[in-house]
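Let's take a walk through this protein together. Keep the sequence and the 3D view open as you read.

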Amino acid sequence: MVIVVMTRFRRYAPYVFFLTALVITIGGLWRLTRMPVQKQRSGVYDGARLQFATKEVTYTFSLATGLMHIAYTSGAASRDLALSLVSENEARPLMTHGQEPIIEGDRVRVALVNDHEAEETDLALELSFSPVTGTLQFELLGADAEKRELRIETSLDGAQPFLSGFGVIGEPGAVEGHILALESPSHAFVLASRDALQNERIFPEPAEGTGDRIVVTTRAAGAPHLSLLAGKLSGDLWESALHAAGEETVTVRGQVTGVSGIATVVALGDDGQP
């Protein structure tokens, strides 16, 4: 009798194990569907600052001062940016109204005050962040947005400012382009816009005790907007910068021969220019 029972169990054992595993799997999936889903936010607000982060870089924006701090997780040198509004050729620090920002998914809206009288206006700064590409976009909103420009100023800290369509900015004077890059051996800081960006390298007097700095001002036909990227120096970062400037990119594969060490591949456009 025992032998007959064991034989039947062995015959049906695979089916029993399969049904048991199926029940456990269905039960686990049911529990997952019953769990509350927490919506991720791109911006984190702590009462005074907004913070956006990827695995490579963290952007911290102070609402009181209009300063942006960029810190790299790799320990590379951090960077500070000063944001301001330009009206009638006069730049004033970006000032917020003091209200809590409105966070809606990947967009954060901050109310601004009048840049001259420090009174409430309908102006607002909208920050859009992509955790995938690390792109942080600034856009000025409001009825009077078209009458103003956004300006970002930062120290060069030994980096050479490279402007698309121009090259290295090595002399005083304003030049225009769509992508400005400050590169270190391993990281890059990039400003990009579909509209032209006015870039001016400032050479301070020796008595000032400060290093060279770069001032970037939007030159938009409508409301100003500007994209900021920072991270490890890579093709992905440059691809994101080109997309922010409205340029189309394609992936190419191949091998560069005849050059030892590191080679730079430059593509030419229809006009024959790099």
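What volume does the second largest pocket have? About 300 Å³. Before going on, note that this is a predicted model, where local features need pLDDT of at least 70 and side-chain atom pairs count only at pLDDT 80 or more, while totals for chains, interfaces and linings use all residues. Residues are numbered from 1 along each chain as its sequence is written, and side-chain values use heavy atoms, with hydrogens and water left out.

A pocket here is an open set of points on a 1 Å grid over the protein atoms alone, where a 1.4 Å probe fits, with protein on both sides within 12 Å along at least five of seven lines; lining residues have an atom within 4 Å of a point. The volume is the space filled by probe spheres set on those points, which are joined across faces, edges and corners. Among the 16 lining residues, Glu-56, Val-132, Thr-133, Gly-134 and Asp-236 are the closest to the centre. Strand S17 (225-232) and helix H2 (235-244) are the elements that give two or more residues to this lining, and S17 has the largest share, with four. (Helices, H or I with at least four residues, and strands, E with at least two, are DSSP runs numbered from the N terminus.)

Now hop over to strand S3 (residues 57-62). Is S3 buried or exposed? Six of its six residues are buried, so S3 is largely enclosed by the rest of the structure. Buried means under 20% relative accessible area, exposed over 50%, and partly exposed in between, using a 1.4 Å probe and protein chains only. Val-57, Tyr-59 and Phe-61 point one way from S3, while Thr-58, Thr-60 and Ser-62 point the other.

S3 has antiparallel neighbours: five bridges join it to strand S2 (residues 49-53), and five join it to strand S4 (residues 67-72). (Two strands pair if DSSP finds at least two bridges between them.) Leu-50 stands opposite Phe-61, and Thr-58 has Ala-71 as its bridge partner.

Last stop: strand S15 (residues 187-202), where you'll find Gln-198. Gln-198 counts as buried because its relative accessibility is 18%. Its side chain makes a polar contact of 3.0 Å with that of Arg-219; such a contact is a pair of N or O atoms within 3.5 Å, and within protein one must be able to donate a hydrogen and the other to accept it, with residues adjacent in sequence counting only if both atoms are side-chain atoms.
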